[in-house]
Amino acid sequence: MVAVRLQGIRKSYGTVEVLKGIDLDIQDGEFVVFVGPSGCGKSTLLRVIAGLEDASGGDLYFDDQRFTDVPPAKRGVAMVFQSYALYPHMNVADNMTMSLRLAGVDKAKRRERAAEVAEMLQLSPLLDRKPGQLSGGQRQRVAIGRAIVRNPDIFLFDEPLSNLDAALRIETRVGISKLHHTLRNTMIYVTHDQVEAMTMADRIVILDRGVIAQVGTPMELYQAPANIFVAGFIGSPKMNFLPVREEGRGDGKVRFSTETGEAFELAIDLPAGEPIAQLGIRPENLAIGADGQIGGRVSTVEQLGSESLVYVEADKATFVCKITSGATPKIDETVRLVIPEHPLHLFDAGGEALPRHTHSSPR
Amino acid sequence: MARKPGETIWSDAGRWLMITLSLVFVLFPIVWLTVASLKTRNAALAVPPELIFTPDFDAYSRIFSGGFLGAFQNSLIIALTNVFLTLLLGVPAAYALTRMRGKVQENLSFWLLSIRMAPLFAVILPLYVLFKSLGLLDTPLAVSMAHLTLTLPLAVWMLVTYFRTIPEDLDQAALLDGANSLQILWLVIIPIARPMLASVAILVFIYSWNEFLLAFILTSRNAQTVPVAVASLAGTMSFDWPLIAAVSVVSMLPALVFVGFAQRHIVSGLGSGAVK
């Protein structure tokens, strides 16, 4: 078990800068998820930690020891690849114990260790099969087994679930969480799926175009996103954004007007500073009611059983309301959207979240 | 052959016609050679050819008495040496070319192949001078190395194409497992590429076994290969047609045996299951 510290990690391919100075501390035994859209640099960052890519700048420390130039095999890391990367000509046992073979461990000991790990992952009857004879989920478990066999300080996962179907993905997700609970190793997990990030992580690192957009626990990111990117990335369905013009503030109230000329006032207590340019409302906080501030027309209704998603065209955009009780409006019905005073996310023109006074109480 | 939906009896007939034509085209010379090798010298040249005759194995017995065994031995040594050297040098070279990045690597594989664009005659004279000064003329090694200059680029080119299809994740998984580059090549890449290695070995063997021009120029007596020996039978005064045919037939056998042996390694689907 090892703590990881990244200091100003940079990576460029030619003139393209993929990582633009990453500073991050990962605690011993922590499960950290790197999440972000395609091309944000999350996989590259993982590969720099693994040693499969050399950083163009910055330093990497494992337990305060500099590991920047240590070859991959000597870093005490094991990686599960998105493609699994199993050796197709070797059986499951040999696949899992390749590292021991290269370390000169004799065949009987290798077989013993393979059996031990296979037991843990329910792979025992498959030890003599080749990867080609296994299902996707089984291959995935062999890839995880290969990582466990090495008894690494740090586990690295590079989008390990993206080749599995939905049901198996949830099952394996739970399996990996259990594994972390049993082994208590430091684990770093890369995904583009915010649900995976929210459900598995002790802490989430959100990356956006080569920089860290925010680091925090899943609930911190959900409740207090630092900027509009994080706000839009975490949460499903996505947060609704309403562009507004601030017409005046004072006395614990702020007056707004929208692009289409709606005007309203909200009781928001915030310190003097940048004007509010966008309001962010999560679908579960956006209500439909006669006293709503902005008007719109229902375009789609999705019934999900326990809840309904109502899509409302308003103010030149589509807003999503998650309704869990009461009557569901019909398509083409004219409705009014109720913007709550709390929880309501405020962003300035640059997309940064504006801090509210902490004493503002829930409605 | 099962007919696919929408196909008529005519598409079946067309397919069989094409297959028959190609078979006749490929097999006719072989059949003709075999028949000729079993005739007497006069019967072999008779027009119209006799279709029914008593086979005469005299030509085959003369292969053994006429000193052809040496030529067979030379051909075999040259071809096997060439296969060995081509794979020994070609596999690491191709692997390095596929896994190392940069302008140099891209251009290098092009220049390697460019030697195949030059006419053989452009290479023969320098090779002759080279081997003469090394004192290697008329040795199997000289012919092997001359063949190598042509088979190595071909092998590298084929292997590069194949190695590119092996996902680099496998290299990296092995790297994390603690393997160095040579171990990755030996333990991961070569076992996966076995079908391609077999194909390359077959092509190189057949090339070396049948090659005439280089072998003709670089050998005189001791290292003479089968094709050269066969050609020398076609004298100006006499033309021992059954013997030429018999040597040609026998000369096909080692190649057939080698191809049959190597082909067992071409198992399809070996590479599947590595990823996804």
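Select helix H7 of chain B, where the axis bends by about 40° at Thr149(B); the bend at a residue is the angle between axes fitted to the seven residues ending there and the seven starting there. A proline, Pro153(B), follows within four residues. Helices (DSSP runs of H or I, at least four residues) and strands (runs of E, at least two) are numbered from the N terminus. This is a predicted model, in which local features need pLDDT of at least 70 and side-chain atom pairs count only at pLDDT 80 or more, while totals for chains, interfaces and linings use all residues. Residues are numbered from 1 along each chain as its sequence is written, and chains are lettered from A and ligands numbered from 1 in the order in which they are written.

Keep H7(B), residues 140-164, selected and compare its ends. The expected span of a helix is 1.5 Å times one less than its number of residues. The 25 residues of H7(B) should therefore span 36 Å, and the 34 Å between its end C-alpha atoms agrees with this.

Next, select residues 226-233 of chain B, which form helix H12.

Now display both chains. In the interface, 23 residues of chain B are in contact with 23 residues of chain A; contact requires C-beta atoms, placed from the backbone, within 7 Å. On the chain B side, helix H8 (168-176) and helix H9 (181-192) each supply at least two residues. The largest share of that side, 7 residues, belongs to H8(B). By class, the chain B side has 13 nonpolar, 7 polar and 3 charged residues; nonpolar covers Ala, Val, Leu, Ile, Met, Phe, Trp, Tyr, Cys and Pro, charged covers Asp, Glu, Lys and Arg, and polar the others, Gly among them.

The contact takes 4 residues from domain 1 and 6 residues from domain 2.

Definitions and conventions:
Two residues are in contact if their C-beta atoms, placed from the backbone, lie within 7 Å. A residue is buried if 20 or more other C-beta atoms lie within 10 Å of its own, exposed if 12 or fewer, and partly exposed in between; C-beta atoms are placed from the backbone.
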